[in-house]
Amino acid sequence: MKGGDMSSVSPLVSFVLGAAMATVCVLFFMSAAPARRLVDISAFTSNSNSTADLLLDSSDSPAAADLAEAAPPAPAPVQAPPSPWGDLEEVLARAATKDRTVIMTQINAAWTRPGSLLDLFFESFRTGEGGVARLLDHLVIVTMDPAAYEGCRAVHSHCYFLRTGNGVDYRSEKVFMSKDYLEMMWGRNRFQQTVLELGYNFLFTDVDVMWFRDPFRHISMAADIAISSDVYMGDPYSLRNFPNGGFLFVRASDKTVAFYRAWQQGRWRFLGKHEQDVFNLIKHEEAPRLDLAIQFLDTAYISGFCQLSKDLNRICTLHANCCVGLGAKLHDLRGVLDVWRNYTAGTPEERRAGKFQWKLPGICIH
C-alpha cells in the first residue's frame, strides 16, 4: 500500500479502536450497578433532571427497598394521663360562652326531688324577663351524689358529678355549720378554684337563688370578683360590705387563683369558720396585696332575704339567705314565685304603680 493510502486509513482505524474502547468501558460501568449507572448516564445526558429526581429513581433499587422494609415502626402516641376531674373540661367547654364564662350551681339528691329547690330554680328562669331563660344554656349543675347526677341528667344538658372522696354522704340535707356542711362548703370552694385554673370565668349561684332578670349587666367589667351582699352599705367597692358567697362572679386570672389559694389556707388559719366568714376575714389583707378589685353587688338588684329589695321593677335575683332549713326556704320561695307570676301578668301601669309586693312576713322573708 502506498504511503498516501496508509495515511488515509490510519485515522479510520484510530476512530474504530476508540469507539470500541468507549463501549467496553460503558458496559463495564453499567454491569457494576445497573440501576444506579442508568441514573448517572441519564444525568449526564440531560441537565434538566434535579437532585430530587435522582433520589427518587435510586429508591427503586433493591438496596433502597431493603432499607425501607427494615425501617423501625413509628412509636405509638403517648396517651395523656386521665384527668382527676373526669369529664369536667368537656362539660365546661360545652356550656361556656365565647369568652369562657359559665354559670354554676351545686345540688344534692335532696334538692332534686320533684317540687324541691331545683324545680323552683328552673321556674324562675322560665318566668323571668329579658331573655334570662337563655342563660340556662350556659348553666353547669354540679352534683354531689349519684342520685343527684341522674336527676340532673333527666332535666338538663350540662351536668357534672363531683367525686370528693372524703367519705361524706351528700344525699341528704346538711345542717348549717355541721361538720359535713363545712366539708361541703370548703369542697365547693376548692372546686371553684379548679374551674379558674382551667381558665374559665364563672358565676356561681346557690340553687335557692331565683333568677328574674339578667344579672350580668350589674357586674362591672373592672371587677376581678363580684359578690352578693348580706348587708350592702352603698359603695360597691367598700370592703365594709358584708359578702354572701351564694352568688359570686370570678374572672379567671393569676390574681384570682392566688386569692383562692389564700382563701383555702384561711380554712386552717380560722378553724371552724365556713368559707364566707373566711372571705370576710381575709379581704382586707388580700385585696390590696393582690391589687384585686372586689365589687359588692347592690341588694336593690341582687337581693336576698337578709336585705330585701321590694322593688319588683328593678330586682334581678332573689336569694333565700338568712334562712335555715330546706322546708323554710321552699315555703318562702314558693310565695316569691306566686307574686312574680302575678307581677309578670300585670299591665305596665299596674307594674309601674308598684301594685305587686312580696308576701310578708314569711318564715324567713320579712
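1. Helix H6 (residues 117–126) packs against helix H11 (residues 326–345) at an angle of about 20°, and their axes are 10 Å apart. Helices (H or I, at least four residues) and strands (E, at least two) are DSSP runs, numbered from the N terminus. Axes are lines fitted to C-alpha atoms, for helices over the stretch in contact, and angles run from 0 to 180 degrees between N-to-C directions. H6 and H11 are therefore roughly parallel to each other (under 35 degrees is roughly parallel, over 145 roughly antiparallel, 65 to 115 roughly perpendicular, the rest oblique).

2. This is a predicted model, in which local features need pLDDT of at least 70 and side-chain atom pairs count only at pLDDT 80 or more, while totals for chains, interfaces and linings use all residues. Residues are numbered from 1 along each chain as its sequence is written, and side-chain values use heavy atoms, with hydrogens and water left out.

3. Which residues join H6 to H11? From H6 come Leu 117, Leu 120, Glu 123 and Ser 124, and they meet Leu 326, Leu 330, Leu 333, Arg 334, Leu 337 and Arg 341 of H11 (contact means heavy atoms within 4.5 Å). By class, this contact of H6 with H11 has six nonpolar, one polar and three charged residues (Ala, Val, Leu, Ile, Met, Phe, Trp, Tyr, Cys and Pro are nonpolar, Asp, Glu, Lys and Arg charged, the others, Gly among them, polar). H6 passes H11 in a left-handed crossing (left-handed: the near helix is turned anticlockwise from the far one by less than a right angle; right-handed: clockwise).

4. Helix H9 covers residues 254–269. At 1.5 Å a residue, its 16 residues should span 22 Å, and the end C-alpha atoms are 22 Å apart, which agrees (the expected span is 1.5 Å times one less than the number of residues). The buried residues of H9 are Thr 256, Val 257, Phe 259, Tyr 260, Ala 262, Trp 263, Gln 264, Gly 266 and Arg 267 (buried is under 20% relative accessible area, exposed over 50%, partly exposed in between, with a 1.4 Å probe and protein chains only).

5. H9 also packs against helix H10 (residues 275–290), at an angle of about 135° and with the axes 9 Å apart. That makes H9 oblique to H10. The crossing of these helices, H9 and H10, is right-handed. On the H9 side the contact is made by Lys 255, Ala 258, Phe 259, Ala 262, Trp 263, Gly 266, Arg 267 and Arg 269. On the H10 side it is made by Glu 275, Val 278, Phe 279, Ile 282, Glu 285, Glu 286, Arg 289 and Leu 290. Sorted by class, the contact of H9 with H10 has eight nonpolar, one polar and seven charged residues.

6. Asp 291 is found in the loop between H10 and strand E8 (294–296). Its phi is near 55°, a positive value in a residue other than glycine. Asp 291 is exposed, with a relative accessible area of 59%. Cys 322, in the loop between strand E10 (317–319) and H11, has a phi near 50°, a positive value in a residue other than glycine. Cys 322 counts as exposed, at 52% relative accessibility.

7. Is Ala 328 buried or exposed? Ala 328, which is in helix H11, counts as buried at 11% relative accessibility. Leaving aside its neighbours within four places in sequence, Ala 328 is in contact with Cys 323, Ile 363 and Cys 364.

8. The peptide bond from Leu 360 to Pro 361 is cis, with omega near -10°. Pro 361 lies in the segment after helix H12 (348–352).

9. Thr 143 belongs to strand E2 (residues 139–143). With 0% relative accessibility, Thr 143 counts as buried. Not counting residues up to four places away in sequence, Thr 143 touches Ile 107, Ala 148, Tyr 149, Cys 152, Tyr 160, Phe 161 and Leu 162. Thr 143 and Tyr 160 are 17 residues apart along the chain, and their C-alpha atoms are separated by 6.0 Å.

10. For the protein as a whole, there are twelve helices and ten strands. Of its 366 residues, 43% count as buried. Among contacts with a separation of 6 or more, residues 24 or more positions apart account for 67%.
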